[in-house]
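Biologist: Hi! Could you walk me through some of the charged side chains in this one?

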Amino acid sequence: MAVTPRIFISATSGDLKSHRATVAAALKKLETYAEVQDDWPPDYRTVQAMLRKRIKDCDAVIHLAGLRYGAEPRDLPPGVPRRSYTQMEYHLAREMGKPVYIFLLPDTFPYDDASLPEDEEKRALQLAHRALIKADPHLRNPAQNEAELREAVLSLQPLVEKLRTALRRQRLYQTGGIAALLCLTGGIGWAAMREKKVNQEQGHAIAELQRPETVEVKYFKEIQALRSSSPRAAIAQSGGGTAQAEQMSYADALAAVAEDHGLTAEILRAQLDAFATRVLADPKADSYQRAVAEFHRQNYAAAITLATAAAEAADHETKAQRQKSIDAWTLVGDSEKQQVHYREALAAYQKALKAGDKEGDPKQWSDLAMAVANLQDTLADYQAAEPLHNEILSLREKEYGHDAPETASALNNLATLLQATNRLTEAEPLLRRALLIDEASLGKDHPNVATALNNLAQLLQATSRLPEAEHLMRRSLDILAASLGKGHPNVAIALSNLAGLLQGTNRLAEAEPLLRGSLVLSEASFGKDHPEVAIRLNNLAQLLKDTNRLAEAEPLLRRALGILVDFIVQTGHRHPHLDDAIKNYRSLLTKMGDPEAVIEEKLGKLLEPIRKK
């Protein structure tokens, strides 16, 4: 049974007529009927009766609140508050318990030109109305322009679908109720129970429609989406093992999202800080918002608990709530990943992917699948990851085009898998194609281009084409230093990679200052006890070992191993580089001439905290 929800658009004509049309067009895309009233009779009683009927016949109301008071009825009865037609629509909808979705538009919104300025009294009445709806617990954050207004209306789709489901059931039950009256004794009671159930369901739909996503949550989702969609960088690690860099740090993604919205990183961070404080102090805030707040504060364990609760609740709701489940499970995965709990993160991302709709929203599905495939790579489960990477690439070529940055990211990530499985001949054309796409679409000085250069350089180094590899690595380093700043942690990774190449060509005197600079940058970025610092310590220690400065190398490897042991004790999760650290320390002690029993004793003391735990 086809059901088309009717949604009333409440807005003043003088300054929002064109934007009301924008809302109507967006609602049409959501397969709803937009109810718009342009011409009004003058008499208050006629207006009130007509408005009440029009809004009663609708299933929800969108209220655009601008700066203009607008037209108002004449001949108000004594004691009736003075309100414009648009304000009356808001109050009648609230009185009737209709879902009201509010857009409180800012001063800077591109309003239509109004023919005449309004007097002081009308301006004061509208300011009072805006103050009233600011206190509305279901306030929708403002759209800054027409494009944001359109996107915000389109984002209502899950809530509209929930409302559509409730309306469909209502009509089915009403039809069933009539049949029961004709056929069954006691049919009236059956119909009454059905009607009560439908009213409850429709009430839930109304509550959902009136619980909008805040602008801070939207920003947070954009930050996390940018992080997950950025290409992965293949990182060399001296002395065995391969490290995978974070695709993009939270701080970098926050800065990029801020720039997209015309903000500074400091302003956006302050806005998210204030959101976190407000939400965590509000006992009525939902679990997902609280999880976002905890993640922003880097309280990842708390974020996991809250996001898991939100995800499990959404999993039991209707299909229209799919997006809630996706958002919550993705946040669980992001939080687990931040703590290097890769298997737990993978399980959460797989649940998010299961809730995705490959046919209905292939772009989102490819993003969810990318998170799964990348973690499978990290866990070296290449057999599971490869078909998923191929499917992602095929989807992105179809949905975005063969020359889009999203396609380049998919090419890059498939190529890193091929590199990891030693299929370098297959990987190289993919990496070169990704590099060309990024240079053409993003510009030759974009950080994604630096990642593409780095990954191609790693392959060239592995195939002994060292001059070309060195040129690409130096270019990658220059791009990162210029675009992200010389103190950025990604610059530390680029320095370490270049040093690794120089070590491979026996230019150890050139490599050493790069490794020391990389260590200093990582300590400044992450703190001296971070696992990322352990990788830098390991790489410098391997160079010292190669130059026979074993006494200098030993405390660095001991410290690196200690950092990873502390990480395991604190988190309860085995770090993926622990085995490499043990192997490298054992090898150094052997070269220093320690007997096997002494080596075992030293390792035993370092690893004792893990065994105790």
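This is a predicted model: local features need pLDDT of at least 70, side-chain atom pairs count only at pLDDT 80 or more; totals for chains, interfaces and linings use all residues.

Biologist: Great. Where does D334 sit?
Modeller: D334 is in helix α13, which covers residues 322–338.

Biologist: Which side chain of opposite charge is nearest to D334?
Modeller: That is R227, 6.1 Å away. D334 is buried and has no salt bridge, because a salt bridge needs the nitrogen and oxygen within 4 Å.

Biologist: What does the D334 side chain make a polar contact with, then?
Modeller: The side chain of Y349, at 2.5 Å. Beyond its neighbours within four places in sequence, D334 also touches Q224 and F295.

Biologist: Switching topic: how many salt bridges are there?
Modeller: The count is 30. One of them joins R82 to E121, with N and O 2.9 Å apart. R82 is in the loop between β3 and α3, while E121 belongs to helix α4, 39 residues apart.

Biologist: And which residues does E470 pair with?
Modeller: E470 forms a salt bridge with R474 at 3.0 Å, and another with R507 at 2.8 Å. R507 lies in the loop between α21 and α22, 37 residues from E470.

Biologist: Is E470 buried or exposed?
Modeller: E470 is buried, at 14% relative accessibility.

Biologist: Which residues are linked in a network?
Modeller: E428, R432, R465 and E468 are connected through salt bridges.

Notes. Residues are numbered from 1 along each chain as its sequence is written. Side-chain values use heavy atoms; hydrogens and water are left out. Helices (H or I, at least four residues) and strands (E, at least two) are DSSP runs, numbered from the N terminus. Buried means under 20% relative accessible area, exposed over 50%, partly exposed in between (1.4 Å probe, protein chains only). Lys and Arg count as positive and Asp and Glu as negative; His and the chain ends are not counted. A polar contact is a pair of N or O atoms within 3.5 Å; within protein, one must be able to donate a hydrogen and the other to accept it, and residues adjacent in sequence count only if both atoms are side-chain atoms. Contact means heavy atoms within 4.5 Å.
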